[in-house]
Amino acid sequence: MSHSTDRSAPGAEAPSRRRFLNTAAAASLAGVGLAACTDKSGAGSAPAASAADAHAATGGAANATHLKPGELDTYYGLWSGGHTGDLRVLGMPSGRELLRIPCFVPDALVGWGQTNESKKVMGTRADGSLKYTVGDTHHTHASYKDGNYDGRYAWVNDKINARIARIRLDYFICDKITELPNVQGFHGIFPDKADPVDPKINYTTRVFCGAEFAIPLPNNGKDADKPEAYRSLFTCVDAESMEVRWQVVIDGNCDLVATSYDGKLAATNQYNTEKGVHYPDMMSAERDACVFFNVARIEQAVKDGKFKTYGDSKVPVVDGTRKSNEDPKTALTAYVSVPKNPHGVNASPDAKYFICAGKLSPTATVIELAKVLDWFDGKLDKVDSTIVAEVEIGLGPLHTAFDGRGNAYTTLFLDSQIVKWNVDAAIKFHAGDKSAKYVVDRLDVQYQPGHLNASQSETRMADGKWLAVGCKFSKDRFLPVGPLHAENEQIIDISGEKMVLIADHPVRGEPHDFVIFKRELLRPKQIYEMDFFPHAVKDVKESGVTRNGKKVTVKLASQAPAYTLPEFTVKKGDEVTIILTNHDKVEDLTHGFAIAKYGINFIVNPQETASVTFTADKAGVFWCYCTHFCHALHLEMRSRMIVEA
Ligand code: RUQ
Ligand code: CUA
Ligand code: CA
């Protein structure tokens, strides 16, 4: 088979793989050996071998991930960074990491969490220190218009401190962070795609946030032992102002979130309808639920004053519990039952279905959105009649992506596989046509996949070209580097009938969710406008030191290879604010500003202004220097801070 010598054939070049197979025939067995290594019986080897055949048949599609030097990717990928609290930008299909956009956690490269501008976004305590310095980002999604990404914003959650960050997709910066009131474990997130009432608003104006952990409401230390006091809230944040608009108190918890293309429905999967506090309690029910939110009715209820508030929060909270929403005609919520502890819920690109992945159940549940609207209109007797398919797909289903050709791709965490299945065939099978073959293909992945997403998958323009999958364990796929392994992001060609594994990429732990979309949907800007920054030192003649009591402001500008002040003098004990504007206009001409022994380091991009404030608590001469290579005289680009005793 021709693929045996292809460098990109799965596993062909991995040293650990060769060691595993321990034979000169390694290369020709690469496809089969791969499957044999996943601790499964012979059953697993068939798909992997046939995938390799398909790879040969697709005529070198594999090469497309190996861009030539200087060649640009055709897609952007936005990846959540996990513990690093950032959003990562990848070029796809190469999988090359291009940028990390710091959001929730300080970042040493740009000085995020150190400059006054970034601290303002991150949030500070009364003493000026950062309120939080850790993050746990999981899910990222971008703003929509007409069912496709419009390149304005992306959002990402912080599960630890229940914060949502917004990223401007023109400058690739985090510009706002909002902390959600009354919730813990904010997990699922999804922007709306249209307004439920006004058809002219065919773009994102809301972002929905699901809280995974129930807490006593109000959480004041009094009700820790009262399970009935524990509640989860579903939250709506305004996409522009980033203010919290409203919340809904529900029975059970929230996990992943999805929204409909018509803007009428949002939903969250629930794995803990039992409201258990310990995990055996969370698994006792055979079925949990996917809760649908009738957005228009909720907003009407808020307008009509039918809400409560909790604690210090002024955010209106409406009642979405089961008991209060039994009459479909007035219900704000609808609880569709889904097998045991579901995880992901994903909207199909034809706008018809939400698909819930079973996690502890080996099933996918297909819910028809038109029927959910029928139920709210009183035209459907049972809310579970909205389920048009519930089919077995494999062990540990977590998340689903789409190719725009009617197929769904679901990660199977326990099987270490992706299963490709046809949604219409699954519906036929569920309706009684046992000849309907809904499983199209299975592919072994390495290992234990969580999220996956396909190019344009979460838009009306799903194009079925590339699928990426975030594998939680890489085990033997990369050189060992001590106890902490890289995770394995794999890229799969889904353009044909069979899935073809194309590449492995090690990533620093641990990204969860991501989106992949066509590069022409973004219009990035490389140079800031000076007016963007209220404190910009617009004229180099403004450079200098001004004093107001013990408060000293040092204004300076950078222009390669010099700062406008070769030195500046302050007094010990002063509160010093340094404001630096980069006057260079050339793309990619960034300067840094570090002060020795003062722990200061940040950068300014072309035409950017940044500032830092600190106390000059040590007398002496302290070199300030440029940390970002900018010029042949980069090392000479310095200033001196003289702190008089
Ligand atoms: S959840 S797989 Cu936040 Cu699926 Cu990570
Ligand atoms: Cu400026 Cu290096
Ligand atoms: Ca459960």
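These notebook entries record what I looked up in a predicted model.

**Conventions.** I number residues from 1 along each chain as its sequence is written, letter chains from A and number ligands from 1 in the order in which they are written. In this predicted model local features need pLDDT of at least 70, side-chain atom pairs count only at pLDDT 80 or more, and totals for chains, interfaces and linings use all residues, while side-chain values use heavy atoms, with hydrogens and water left out.

**Ligand 1.** I listed the residues around ligand 1 (a heavy atom within 4 Å): His138, His139, His187, His343, His399, Gly450, His451, Lys472 and His512. I then sorted this shell into no nonpolar, 8 polar and 1 charged residue; Asp, Glu, Lys and Arg count as charged, and Gly is among the polar ones.

Strands here are DSSP runs (E, at least two residues), numbered from the N terminus. I noted that Asp288 and Asn341 are both buried (under 20% relative accessible area, 1.4 Å probe, protein chains only).

I traced 4 strands in the order 4-5-6-7, with antiparallel pairing (at least two DSSP bridges between two strands). Strand 4 (140-145) and strand 7 (173-179) are the edges, each with a single partner strand, so one side of each has no neighbour in the sheet. I counted 6 bridges between strand 6 (residues 163-168) and strand 7; Ile167 has Cys174 in strand 7 as its bridge partner.

**Aromatic pairs.** I counted 22 aromatic pairs (Phe, Tyr or Trp ring centres within 6.5 Å; planes under 30 degrees apart are stacked, over 60 edge-to-face, the rest tilted). Tyr76 and Phe172 form a tilted pair, 6.1 Å centre to centre with 40° between the planes. Tyr76 lies in strand 1 (residues 75-80) and Phe172 in the loop between strand 6 and strand 7, 96 residues apart. Phe292 and Phe354 are stacked, at 5.6 Å and 15°. Phe292 is in strand 15 and Phe354 in strand 19 (residues 353-357), so the pair ties together parts 62 residues apart in sequence. Both Phe292 and Phe354 are buried.

Terms used
Buried < 20%, exposed > 50% of the residue type's maximum accessible area, 1.4 Å probe, protein only. Phe/Tyr/Trp six-rings, centres within 6.5 Å; stacked < 30°, edge-to-face > 60°.
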